[in-house]
Amino acid sequence: MNPTVRKATKEDLPILDTFMDALVDAERPMDSTIKSGKVIYYDLENFIINENAVLYVVELNNELVASGYAKIKSNKSYLKHDKHAYLGFMFVPENHRGNGYNKLIVNALLAWSKTKNISEIRLEVYNSNPSAIRAYEKVGFKKHMIEMRLNINDLEN
């Protein structure tokens, strides 16, 4: 059976919550600033009902195998575009990676963005996640800005 890309529904939320837990667990080693315990990155239900956002899933044999959202955000006043679509919650369970499901999600999100007259697309990815960076570059994303951080308590006096 072929994978199907569709908008997420409220009935998908329990599975999507397990995706979020797995995403947080995968990102914790890359980000020492993530709190311990249960972490909620996204208000997934809001992405389902908000007209300025969309949450897509890929379904294969009645199983969700990928997710991702786009949300329209305002840009800083000095940028050329008034708004952009921010992509996030790009997740494919480990046993389904390498099958092109992330690309299906990205393509659906780009198509949705076009229907909203949004041409500028942004996302964030950890520098220490080269496989994700390669996946985004394969669909046309380019590195743009590096965010840097410092915890002054870690400095030696």
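The model is predicted: local features need pLDDT of at least 70, side-chain atom pairs count only at pLDDT 80 or more, and totals for chains, interfaces and linings use all residues. Residues are numbered from 1 along each chain as its sequence is written, and side-chain values use heavy atoms, without hydrogens and water.

**Sheet.** Five strands make an open sheet, ordered β1-β2-β3-β4-β5, with mixed pairing. Strands are DSSP runs of E, at least two residues; helices are runs of H or I, at least four. Two strands pair if DSSP finds at least two bridges between them. The edge strands, β1 (4-7) and β5 (121-123), each pair on one side only.

| Pair | Sense | Bridges |
|---|---|---|
| β1 and β2 | antiparallel | four bridges |
| β2 and β3 | antiparallel | eight bridges |
| β3 and β4 | antiparallel | seven bridges |

Arg6 has Val57 in β2 as its bridge partner. Lys71 in β3 stands opposite Ala53. Lys71 also stands opposite Tyr86 in β4. Two residues separate β2 and β3 in a hairpin, where the turn residue Asn61 has a positive phi of about 50 degrees.

**Burial.** β2 is largely enclosed by the rest of the structure, because seven of its eight residues are buried. Buried means under 20% relative accessible area, exposed over 50%, and partly exposed in between (1.4 Å probe, protein chains only).

**Segment after α4.** Leu155 is found in the segment after α4 (130-138). Leu155 is partly exposed, with a relative accessible area of 47%.
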